[in-house]
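Dear colleague,

Please look through it first, and then read the notes below it.

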Amino acid sequence: MLLHAGGVRSLVAAAVVTREQDASRVVGLCLDDGREDAAARRAAAELSAEALGIKRVESLALTGIGEAASDRDASGRGEAELWAARALPAALALARRHHCDRLIWPASAGASGDARRALLIAERAELVMALADLEAESMPRIDAPLGELSDAQVVALGERLGVDWRLARSCTSPTVGLGRPGCEACAGCERRARAFAAAAVVDPLTNAGPTRRPNAA
C-alpha cells in the first residue's frame, strides 16, 4: 500500500515501487485530511497512479489532521510528526486489512536533506510498527524509500526514472487542476520550485517549462 498525496514525492515513490514489483499488486491510499484541496489531490493521485499501472486508489477520511499539516515548518518536521502520530497508524491498519506486506511512506529529508530529519522518519516508522505489534500479529512493515533524500535528490531520482512531472500536483489551491501551473506563492509551489532549481531540472509546470510527452512507463 502506497500513501499517495498526488505530489512530487508520491509520484517518485510510486515509480520506485512499481519498478520493484507488479503495479497491479500496489494499492494507493489518498488521505482526505479535510483541507480545501483534498478532492484535487485525490484526482491527481488517481491519474498519476493509473499512469504507472496502479489500478486501485482508496481514500481514508482523517479530516482532523488538515490544520496541523498546514502548520508544518519549512524543515518538514511538523509534517513528519503529523503523519507518524495520526495518519500512519490508521494507514497501517488499513494496509493490514488489505493483506499488504508493506506500507510505503513517501516522506523525504526535506529541502536540505537533514540527517536529523531522515532519522526522525525512521524512528517514527519504527515506533508506529512497534506499537502496532502490541495489538496484532503479522503487521505490514513501513518503508520510507525516500527518507534519506533531500527534495532535490527526490527530483533527480524522478528524472532518472523518467516520471512525467505534469502528473505531480504541488499547489495547495483547490482551483489549480492537474497539469496546470501553480499559484507560485503557496508553500507547496515554493517547495517544488526550490527542489527543481536545486536539482537543475526544468519543471514543465512553470510558465518557462517545455512541453514533455507523458511518461509511457
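This is a predicted model: local features need pLDDT of at least 70, side-chain atom pairs count only at pLDDT 80 or more; totals for chains, interfaces and linings use all residues.

Residues are numbered from 1 along each chain as its sequence is written, and side-chain values use heavy atoms, with hydrogens and water left out.

The chain as a whole

The protein chain comes to seven helices and five strands, where helices (H or I, at least four residues) and strands (E, at least two) are DSSP runs numbered from the N terminus. Read from the N terminus on, its elements follow the order β-α-β-α-β-α-α-β-α-β-α-α. Of the 217 residues in the protein chain, 50% are buried. Among its contacts with a separation of 6 or more, 74% come from residues 24 or more positions apart, a contact being heavy atoms within 4.5 Å.

Strand 1 (residues 2-3) and strand 2 run parallel and are joined by two bridges, and strands are taken to pair if DSSP finds at least two bridges between them. In this pairing, L3 stands opposite L29 of strand 2. Strand 2 and strand 3 also run parallel, with six bridges between them, and D32 has A61 in strand 3 as its bridge partner. From strand 2 the chain crosses through helix 2 to strand 3 in a β-α-β crossover that is right-handed; that word applies if, with the strands pointing away from the viewer, the path from the first strand over the helix to the second runs clockwise. Strand 1, helix 1 and strand 2 likewise make a right-handed β-α-β unit. Strand 2 is mostly covered, with five of its six residues buried.

Helix 2 (residues 38-51) has 14 residues and reaches 20 Å from its first C-alpha to its last, close to the 20 Å expected at 1.5 Å a residue, the expected span being 1.5 Å times one less than the number of residues. Its buried residues are A38, A40, R41, A44, A45, S48 and A49. Seen down the axis of helix 2, these buried residues fall within an arc of 160°, so they line one face of the helix; the arc is that of the directions from the helix axis to the C-beta atoms. What covers them includes helix 1 (8-20), strand 2 (27-32) and strand 3 (56-61). Helix 2 is followed by G53, whose phi is positive, near 90°.

Helix 5 (residues 115-133) has 19 residues that should span 27 Å at 1.5 Å a residue, and its end C-alpha atoms are 27 Å apart, which agrees. The buried residues of helix 5 are R117, A118, L120, I121, A125, V128, M129 and A132. Viewed down the axis of helix 5, they fall within an arc of 160°, so they line one face of the helix. The exposed residues A115, R116 and E126 sit on the face of helix 5 turned away from its buried side.

Loops and a ring pair

D37 has its place in the loop between strand 2 and helix 2 and, at 5% relative accessibility, counts as buried. Leaving aside residues up to four places away in sequence, D37 touches R169, C171, T172, S173 and P174. D37 and P174 are 137 residues apart in sequence, yet 4.2 Å apart in space, C-alpha to C-alpha.

Most residues other than glycine have a negative phi. H99, in the loop between helix 4 (77-97) and strand 4 (102-104), has a positive phi near 60°, and at 75% relative accessibility H99 counts as exposed. E184, in the loop between helix 6 (151-161) and helix 7 (187-199), has a positive phi near 65°, and at 52% relative accessibility E184 counts as exposed.

The count of aromatic pairs comes to one, where rings of Phe, Tyr and Trp (its six-membered ring) pair if their centres lie within 6.5 Å, and planes under 30 degrees apart count as stacked, over 60 as edge-to-face and the rest as tilted. W165 and F196 form this edge-to-face pair, at 5.1 Å centre to centre and 80° between the planes. The pair links distant parts of the chain, with W165 in the loop between helix 6 and helix 7 and F196 in helix 7, 31 residues apart. Both W165 and F196 are buried.

With best regards

Terms used: Buried means under 20% relative accessible area, exposed over 50%, partly exposed in between (1.4 Å probe, protein chains only).
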